[in-house]
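Please have the model open as you read.

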Amino acid sequence: LLITVLTVAAAPLVAALFAPGFVSQPYKYQLTSELIRITFPYLFLISMTGFCGAILNSYGRFAVPAFTPVFLNLSLIAAATVAAPWFDEPVFALAWGVFLAGVIQLLFQLPSLYRLELVPRPVLDTRHEGVRRILKLMVPALFGVSVSQINLLLDTVLASFLPTGSVSWLYYSDRLAELPLGVFGIAIATDILPNLSALRAGAREAQFAATLDWAVRGVLIIGVPAALALMLLAEPILVTLFQYGALTPHDIDMAALSLRAYSAGLVAFMLVKILAPGFYAREDTATPVRIGIIAMAANMVMNLLFVLPLLWYFNIGHVGLALATSCSAWLNAGLLLRGLRGEGVFQLQPGWRGYVARLLSASLVMTAVV
């Protein structure tokens with residue numbers, strides 16, 4: 001709530017900080033500042049929604065939190081198709097649609113919490129043992145799970161200096177790469193964390209390792225063909241979904257290049273989501289943070305290594321940003337996997353050789369057909 005109030009009050013400063021390339025374009029800069037003021041309260045609302053969903057997940061209630069994001073889609077669709085004509089600048093309809101979605105999503109969770117007699121009642125008690133323990137675990141965990149988001153934010157900052165359209169091209173391609181990640185990767189991560197925590201508490205290490213192994217296989221069986229399909233079908237998917245109105249064939253070509261670059265890291269993005277809970281379930285939040293810092297530093301270096309040559313020689317600097325993000329995700333996933341294996345927490349279960357053979361064969365057949 002404090003962050004939301006400060007950001008809304010200082011929206012022009014926030015716009016200048018995260019999109020410095022817009023400052024020299026007064027209309028774009030003013031528009032960005034106004035949109036921040038409308039949309040940023042969604043952060044508070046969705047944080048409360050996520051907190052409520054976490055409570056429900058811990059009680060094995062997955063349906064309501066899983067359905068909740070649908071309301072954001074419905075709200076944005078209604079804003080774009082119904083409310084947009086009422087505004088001189090149609091994008092404001094979408095901004096208010098985001099705000100309204102936050103309210104609806106939070107209210108949708110509360111009846112389920114009420115039935116469990118778990119509706120949060122704000123009480124300030126920092127001395128409570130549970131509160132102190134969560135605060136201690138939460139601070140490093142915040143960074144550990146947000147590395148990819150921080151990298152994306154840095155990409156947006158750098159993209160604001162690139163040719164006009166770069167921020168949008170990255171956004172369109174990121175949305176498509178996030179689809180399999182959000183639908184499958186985060187679903188698996190949401191499912192395994194309470195299970196891993198329970199197995200750890202019961203000292204059932206064999207089942208802990210088997211659950212992680214199952215999650216990795218589940219990610220690969222979705223992530224590998226999804227990544228290949230996004231690479232192969234980048235242009236047709238973008239044309240079908242987005243090429244209406246002002247979006248030009250040039251925009252499609254540019255977004256397709258960054259989509260392919262993001263797709264190269266899709267499996268890694270998904271692996272990070274399910275390997276990090278292997279540490280969190282054991283109350284080890286420090287290791288993912290150390291690994292995240294390494295990955296983020298590598299991403300910054302690779303941004304410079306990839307963006308400048310691609311910008312100077314091919315005028316596609318935004319592709320370098322996406323490629324650097326993918327490479328840093330692979331570094332992040334690889335280090336997490338090495339850490340879990342080194343501690344004996346993750347162990348390959350029988351049948352991997354046949355599994356990989358079937359996965360690769362099926363992916364090759366799919367690629368040939370596509």
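## Ground rules

Helices here are DSSP runs of H or I with at least four residues, numbered from the N terminus. Please keep in mind that this is a predicted model.

## Ser-328 in its helix

Let's start with a single residue. Ser-328 sits in helix α16, which covers residues 317-342. Is Ser-328 buried or exposed? Its relative accessibility is 2%, and because buried means under 20%, Ser-328 counts as buried.

Which residues does Ser-328 touch, once those up to four places away in sequence are set aside? The partners are Asn-151, Ala-295, Asn-299 and Met-302.

## Helix α16 and its partner α10

Two packed helices are described by the angle between their axes and the distance between the axes. Helix α10 (residues 166-201) packs with α16 at an angle of about 40 degrees, and their axes are 9 Å apart. That angle makes α10 oblique to α16. The crossing of this pair is right-handed.

On the α10 side, the contact is made by Ser-166, Trp-169 and Leu-170, while α16 supplies His-318, Leu-321 and Ala-322. Sorted by class, the contact of α10 with α16 has four nonpolar residues, two polar ones and no charged ones.

## Helix α11 against α14

Now move to helix α11 (residues 205-232), whose axis comes within 8 Å of the axis of helix α14 (residues 266-280). The two axes cross at roughly 165 degrees, which means that α11 is roughly antiparallel to α14. In this case α11 passes α14 in a right-handed crossing.

The α11 side of the contact includes Phe-208, Leu-212, Ala-215, Val-216 and Val-219, and runs on to residues such as Ala-226, Ala-227 and Leu-230. Facing them in α14 are Leu-266, Val-267, Met-270, Leu-271, Ile-274, Leu-275 and Gly-278. By class, the contact of α11 with α14 holds 17 nonpolar residues, two polar and no charged.

## Helix α11 against α13

Helix α11 also packs with helix α13 (residues 249-263), at an angle of about 165 degrees and with the axes 9 Å apart. Here α11 is roughly antiparallel to α13, and the crossing is left-handed.

Which residues make this contact? From α11 come Ala-227, Leu-230, Met-231 and Leu-232, and from α13 come Leu-259, Arg-260 and Ser-263. The residues of the contact of α11 with α13 divide into five nonpolar, one polar and one charged.

## Aromatic pairs

How many aromatic pairs does a search of the whole structure find? The answer is seven. One of them joins Phe-67 and Phe-71 in an edge-to-face arrangement, at 5.6 Å centre to centre and 90 degrees between the planes. Phe-67 is partly exposed, its relative accessible area being 41%. Ring pairs link Phe-67, Phe-71 and Phe-108 into a cluster.

Another pair is formed by Trp-352 and Tyr-355: the ring centres lie 5.4 Å apart and the planes stand at 75 degrees, so this pair is edge-to-face. Trp-352 and Tyr-355 are three residues apart in helix α17 (residues 352-369), so about one helical turn separates them. Trp-352 is buried, and Tyr-355 is buried too.

Key. Residues are numbered from 1 along each chain as its sequence is written. This is a predicted model: local features need pLDDT of at least 70, side-chain atom pairs count only at pLDDT 80 or more; totals for chains, interfaces and linings use all residues. Side-chain values use heavy atoms; hydrogens and water are left out. Helices (H or I, at least four residues) and strands (E, at least two) are DSSP runs, numbered from the N terminus. Buried means under 20% relative accessible area, exposed over 50%, partly exposed in between (1.4 Å probe, protein chains only). Contact means heavy atoms within 4.5 Å. Axes are lines fitted to C-alpha atoms, for helices over the stretch in contact, and angles run from 0 to 180 degrees between N-to-C directions. Angles under 35 degrees count as roughly parallel, over 145 as roughly antiparallel, 65 to 115 as roughly perpendicular and the rest as oblique. A crossing is left-handed if the near helix is turned anticlockwise from the far one by less than a right angle, and right-handed if clockwise. Ala, Val, Leu, Ile, Met, Phe, Trp, Tyr, Cys and Pro count as nonpolar, Asp, Glu, Lys and Arg as charged, and the others, Gly among them, as polar. Rings of Phe, Tyr and Trp (its six-membered ring) pair if their centres lie within 6.5 Å; planes under 30 degrees apart count as stacked, over 60 as edge-to-face and the rest as tilted.
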